[in-house]
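Thank you for making time this morning. I would like to walk you through one model, and I will keep to what can be read from its coordinates.

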Amino acid sequence: MITLTKLKPAGGEETPRFEAMLSFNGREVARVSNGGTGGSSMFWWLHPQEDRSLLFAWATEQASREEPTLFGPAAHTANYKPGGEEALDYLVLGEVELAGTM
């Protein structure tokens with residue numbers, strides 16, 4: 001489960017603009033921010049050498065349940081398979097929106 005703490009919203013044009021700390025299963029793992037102009041969120045990992053495969057697998061599974069047209073098997077092509085950090089970005093933006101910052 002992911003949670004955002006120290007959330008600092010700042011509006012945004014196409015996506016929420018924010019900075020926050022990202023925790024996975026109760027442990028802070030990254031600082032995350034988004035400029036609010038429609039691009040992806042940026043992650044600054046607190047432990048750069050740590051294996052994030054469990055986090056990315058969890059995020060991909062959650063995102064495929066919430067948005068199967070973007071992350072489910074039907075979204076996969078020969079050249080593109082969404083997942084990992086893209087799925088985590090999708091879930092983080094959803095958490096920011098749930099926090100009522102948009």
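I will begin with confidence, then turn to one helix and the core around it.

What you see is a predicted model, and its average pLDDT is 87, with 89% of the residues scoring at least 70. Among the elements, strand E4 has the highest mean pLDDT, at 96, whereas helix H2 has the lowest, at 81.

Let me now take helix H3, which runs over residues 85-98 and, with its 14 residues, reaches 20 Å from first C-alpha to last, close to the 20 Å expected at 1.5 Å a residue. After H3 comes Gly 100, which has a positive phi, near 80°.

Which residues of H3 are buried? They are Ala 87, Leu 88, Asp 89, Leu 91, Val 92, Leu 93 and Val 96, and what covers them includes strands E1, E2, E3 and E4 together with helices H1 and H2. In an α-helix, residues three or four places apart point the same way, because there are 3.6 residues a turn.

That brings me to the largest nonpolar core, which has 21 residues, and in which Ile 2, Leu 22, Val 32, Leu 88 and Val 92 have the most contacts. Two or more residues each come from E1, E2, E3, E4, H1 and H3, and H3 gives the largest share, six residues.

Methods. Residues are numbered from 1 along each chain as its sequence is written. This is a predicted model: local features need pLDDT of at least 70, side-chain atom pairs count only at pLDDT 80 or more; totals for chains, interfaces and linings use all residues. Side-chain values use heavy atoms; hydrogens and water are left out. Helices (H or I, at least four residues) and strands (E, at least two) are DSSP runs, numbered from the N terminus. The expected span of a helix is 1.5 Å times one less than its number of residues. Buried means under 20% relative accessible area, exposed over 50%, partly exposed in between (1.4 Å probe, protein chains only). Contact means heavy atoms within 4.5 Å. A nonpolar core is a set of buried Ala, Val, Leu, Ile, Met, Phe, Trp, Tyr and Cys residues joined through side-chain atoms within 4.5 Å. pLDDT is the predictor's confidence in each residue, from 0 to 100.
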